[in-house]
Amino acid sequence: YYNEYKSYLSLHMPKKFQGENSKAVEARNRKAAAKASKQAEEEQAREDARWADDDKLAGRKAQRKKIEEEKRKAALERKKENATLLAEEEDKIAKSVKAVSKKMTQAEVRQKKRGGRS
């Protein structure tokens, strides 16, 4: 009877798992890749820290140069803006002068009759 039961089990029941669990292998590989990339990033950070320029005087000099450049650009921009405002104001004044000078005064008429003499 036992032999029949054993043969029944061998035919109808699945065999024990043999080999590797593919999901576990993939997870192990992912973890190893993540660990390797993290170590590479840390090594790169250490290398960058070693090569970092920590000269305070050079940093201050660069900062002063940057500030001076910003001031120069701002002054140039103000100069352009002032020039455009001046041109607009001169145009406005020229238009108003032309409108006013259409009529001649009696003194100008008399001077014209005399031939331009004072």
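A salt bridge here is a side-chain nitrogen of Lys or Arg within 4 Å of a carboxyl oxygen of Asp or Glu. The structure holds three of them. This is a predicted model: local features need pLDDT of at least 70, side-chain atom pairs count only at pLDDT 80 or more, and totals for chains, interfaces and linings use all residues. Residues are numbered from 1 along each chain as its sequence is written, and side-chain values use heavy atoms, with hydrogens and water left out.

**Helix α2**
- Helix α2 covers residues 22-51, 30 residues in total. Helices are DSSP runs (H or I, at least four residues), numbered from the N terminus.
- From first C-alpha to last, α2 reaches 44 Å, close to the 44 Å expected at 1.5 Å a residue. The expected span is 1.5 Å times one less than the number of residues.
- At the start of α2, a side-chain oxygen of Asn21 comes to within 3.2 Å of the backbone nitrogen of Lys23.

- Arg46 pairs with Glu43 at 2.8 Å, N to O. Both lie in α2, three residues apart, about one turn of the helix.
- Arg46 is partly exposed at 49% relative accessibility; Glu43 is partly exposed at 38%. (Buried is under 20% relative accessible area, exposed over 50%, partly exposed in between; 1.4 Å probe, protein chains only.)
- Arg50 bridges to Glu47, with the closest N and O atoms 2.7 Å apart. Arg50 is exposed at 59%, while Glu47 is partly exposed at 28%.

- Arg72 and Glu69 form a salt bridge, with the closest N and O atoms 2.6 Å apart.
- The two sit three residues apart in helix α3 (residues 56-100), so about one helical turn separates them.
- Arg72 is partly exposed at 47%, and Glu69 is partly exposed at 34%.

How values were computed
A polar contact is a pair of N or O atoms within 3.5 Å; within protein, one must be able to donate a hydrogen and the other to accept it, and residues adjacent in sequence count only if both atoms are side-chain atoms.
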